Every structure is written in structure tokens, then in C-alpha cells.
Amino acid sequence: MTIKKAVSIACTAALATLSAGAHAQISGGVVKIGVLTDLSGTYSDLAGSGAVLATKMAIDDFIAKEKPDFKIEMVSADHQNKADIASNKAREWFEREGVDTATELVTTSVALAVMKIAKEKDRIALMSGPASTPITNEQCNDVTVHYTYDTYALANGTAKAVTKQGGKNWFFLTADYAFGQALEKDASAVVTANGGKVLGSVRHPFPGSDFSSFLLKAQASGAQVIGLANAGADTTNAIKQAAEFGITPTQALAGLLMFITDIHSLGLKTTQGMYLTEGFYWDLNEETRAWSKRFFGVQKKMPTMVQAGQYSSVYHYLKAVKAAGSDDTKKVMTQMKKMPINDFFAKNGQIREDGRMVHDMYLMQVKKPAESKYPWDYYNVRQVIPAAEAFQPLSQSRCPLVKK
């Protein structure tokens, strides 16, 4: 054999080894995404099947545009807003089904449980629906991304705006679990910082249906503003019952976490004038409208910020896998934090060392019925809250990963 031929054979063998190695970086040859969400309960309208659809759209768009050399699969399950069900499903996915990332995870108790399993199993947790700030503070870890919004940003928008508009005295009606407690705590801090006063609070079971006794306590407090530190069906039911008891318009309601699906359900006559904080609105610009109309074509509802954030987080994750040439958790997380997020959901978004994805938020005011010109035309944008102001600064972080 000539030296030239031997070198040629060696080079061919080396290239084949490199190629095989590149493909071997994707465990099992497949990137598998698990959507763990509320498909049947309180939060199913704002997350649920719409989050599953958004994930499928992200996968399909990524394959069409980025042309990856690896397969992508999706599985989904209903966690029923129960931490034990979510933990068991996540463990099963990670240990037996080769799932690389558990995503969506609406409901704080679910999120806190699953992020621990993800850390134990060295997989990634991508969170779009849960809100509580402990996710990126005391309980943060290096495999979790908190993507769409949190209780700090919600309070920083809605509670600040309402207090500055003259709503100085507050009483909170709070969902009795980690999310509601975090939202009440963050909103109370904002109210006080802006010259307001918290007169008291009452906690209702999660999920709830009869809010009469809690609303009567709020009414008896004489507070100008009743802050609803809950979400989904809990919020819409509380607003309906407050109207039935004649609490509104004598006392104002502040929905600290509301979604466009809530406004659609309640109607503009009931919700007109209310302030709320959003991470996304379908009618912001041509880019948001184009994606949202595709979503609407299947779901027959405009997307919530959770559903839009779910698409963005999954697409960003897949881009990171491709860029890293691997589904290894550490390599992918490094890549996700390195790459800025620029899509219809966020411009110049960035994942910080505490796992918080920071991006602009929006203070909205619900339109009067006469102002709405077409279906789902529900919001006036009152303020764009820059990313640096919307989210808790790293200087205040209680996350052990943050170097100070």
C-alpha cells in the first residue's frame, strides 16, 4: 500500500469517526420534549392544550427553518396541578422515556417539584406558566429556565400602576399556595414602596369555586383596591362573584395575574378599565399578529403569554441543542444563556445566571366595549416596562448561583 493511499484511508476513517461522534452527541439519536401542563383544570385555558399546540408549532418551524440532523419528538401529560403527579411523571420521562426537557409546568408547586427532579436527573426544566420568584431565588438551580413572567414583574406593573393612580389602600384575596403567597408578598412590597397601605388579606383554597365569604371580608375591610393574588378560573370566578355581590364598582379589583383568555371569558363590559401586566399581546405588531393568527387557526383562541412563551422557549432550546451539537444538559444550558432571544415573543431577551429570562413586559388597560374594533381587540398598551426594570435585579437576588 502506498503512503498516499494509507493517508487517504486514515483521513476517511477519521472523518467517519467524527461524523459518528457528532450524531452520538444526541442521546438515542432523538431530542425529546415533554410538555407537562394543566390539561383539565383551573389553568387549562391559559396553558393546557394551547401550550401543547405551541410546542408542536415550535418543533415544526424549527425543522422547516433550521433543518437539524437529529429527530425531535414530543410527549405531553396532565399534571392536574398536583406536585406528586408531576414529579412521578417527570421521573418516568427522564428515567424510562429519554425525555431531555420537561417544559411549561404551570402551577408553582408543580414547578418547584419538577425542577428538583430535573436537577437530580441532569435534565432541563423550561418553565413558561409558573410565576413564583423562589424559582430563581432561594430554590434556583443550574438546569432551570424561568421564561415568561414572574410575580415580581406582575407586581411591578399592575400594583405600581394602580397605586400611582390613587388606589392606596389594598386588601388581598390570595390563592393559598406558593404562587398566591409570592404574588401577595411582591405586590404588597410594591404598594408600600409607592405610598400605599395593605389593610389585610384572606387566603382561599386552591382551586376555589365559592369566594363569597372571602369577598365579604375584603368588602368589610373598606379597602379601595381588592388585589386578586390568584389566576385562571379562580380569578374569573372571583370577579364574577364580586359583581354579583355589588362589591364593584364601589371597590376596585386588581387582577394581578390575568390573561387575554380571562378577558375574553368575562367580557369587556365586566373588565373594562382594569390594569394588567402581560409578557405578550397578540396584537402588538405584524410579527405577533402573524404567529397568533396561525395559532388561532387551530386553537380558535388567541394565545396567552404562557402559550407564546412556550413556543419561544422550546424554539430557543432547540437552537441551543443544534449550536452545541449535543443534548448534554450543561452544554445546552451554556448555549441557551449565551444566545440572545430575538423572535415575535421577545427582543434581546437574555437568560441570566439565576435562570431568569429577562425581556420587556407591558402594562395593559382593558378597553371599553366601544373602543374594541374587532374580535380579541382588548388592550391599550399603557407602558412598555423595559427588561431591566420589569424583573428583580441580580443585586437583590437570593440565588446561590449569582456571584456578588
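Is Arg203 buried, exposed or partly exposed? In this predicted model, Arg203 is partly exposed, with a relative accessible area of 40%. Its salt-bridge partner is Glu184, with the closest N and O atoms 4.0 Å apart. Arg203 lies in strand β7 and Glu184 in helix α6 (residues 178–193), so the pair ties together parts that are 19 residues apart in sequence. Glu184 counts as buried, because its relative accessibility of 10% falls under the 20% limit.

The count of salt bridges comes to 18. One of them joins the side chains of Lys301 and Asp45, at 2.4 Å from N to O. Lys301 sits in the loop between α11 and α12, and Asp45 in the loop between β1 and α2, so this contact links parts 256 residues apart in sequence. Lys301 is partly exposed, with a relative accessible area of 32%. Asp45 is also partly exposed, at 32% relative accessibility.

A further salt bridge pairs Lys121 with Glu95, the closest N and O atoms being 2.8 Å apart. Lys121 belongs to helix α4 (residues 108–121) and Glu95 to helix α3 (residues 83–96), so the pair ties together parts that are 26 residues apart in sequence. Lys121 is partly exposed, with a relative accessible area of 27%. Glu95 is partly exposed too, at 42%. Shared partners join Arg91, Glu95, Glu120 and Lys121 into one network of salt bridges.

UniProt, in an unreviewed entry, lists residues 31–367 as "domain: Leucine-binding protein". Over this range the chain is 45% helix and 19% strand. The end C-alpha atoms of the range are 43 Å apart.

Helix α2 covers residues 48–66. At 1.5 Å a residue, its 19 residues should span 27 Å, and the end C-alpha atoms are 27 Å apart, which agrees. Its buried residues include Val52, Leu53, Met57, Ile59 and Phe62. Among the elements covering the buried residues of α2 are β1 (30–37), β2 (71–78), α11 (286–299) and α12 (305–324). Lys67 follows α2 and has a positive phi, near 45°.

Four strands form an open sheet in the order β7-β6-β8-β9, with parallel pairing. The edge strands β7 (197–204) and β9 (252–255) each pair on one side only. Neighbouring strands of this sheet are turned by 20° against each other on average, direction ignored. Within the sheet, five bridges join β6 (residues 169–175) to β8 (residues 225–229). Trp170 stands opposite Val225 in β8. Helix α5 (residues 151–164) lies across β6, β8 and β9, running at about 155° to β6.

Conventions:
Residues numbered from 1 in each chain as written. Predicted model: local features only at pLDDT ≥ 70, side-chain atom pairs only at ≥ 80, totals over all residues. Heavy atoms only, no water. UniProt positions renumbered as here; feature names shortened; annotations may be inferred. Helix = DSSP H or I, 4+ residues; strand = E, 2+ residues; numbered from the N terminus. Expected span 1.5 Å × (residues − 1). Buried < 20%, exposed > 50% of the residue type's maximum accessible area, 1.4 Å probe, protein only. Contact = heavy atoms within 4.5 Å. Pairing = 2+ DSSP bridges. Axes fitted to C-alpha atoms, helices over the stretch in contact; angles between N-to-C directions.
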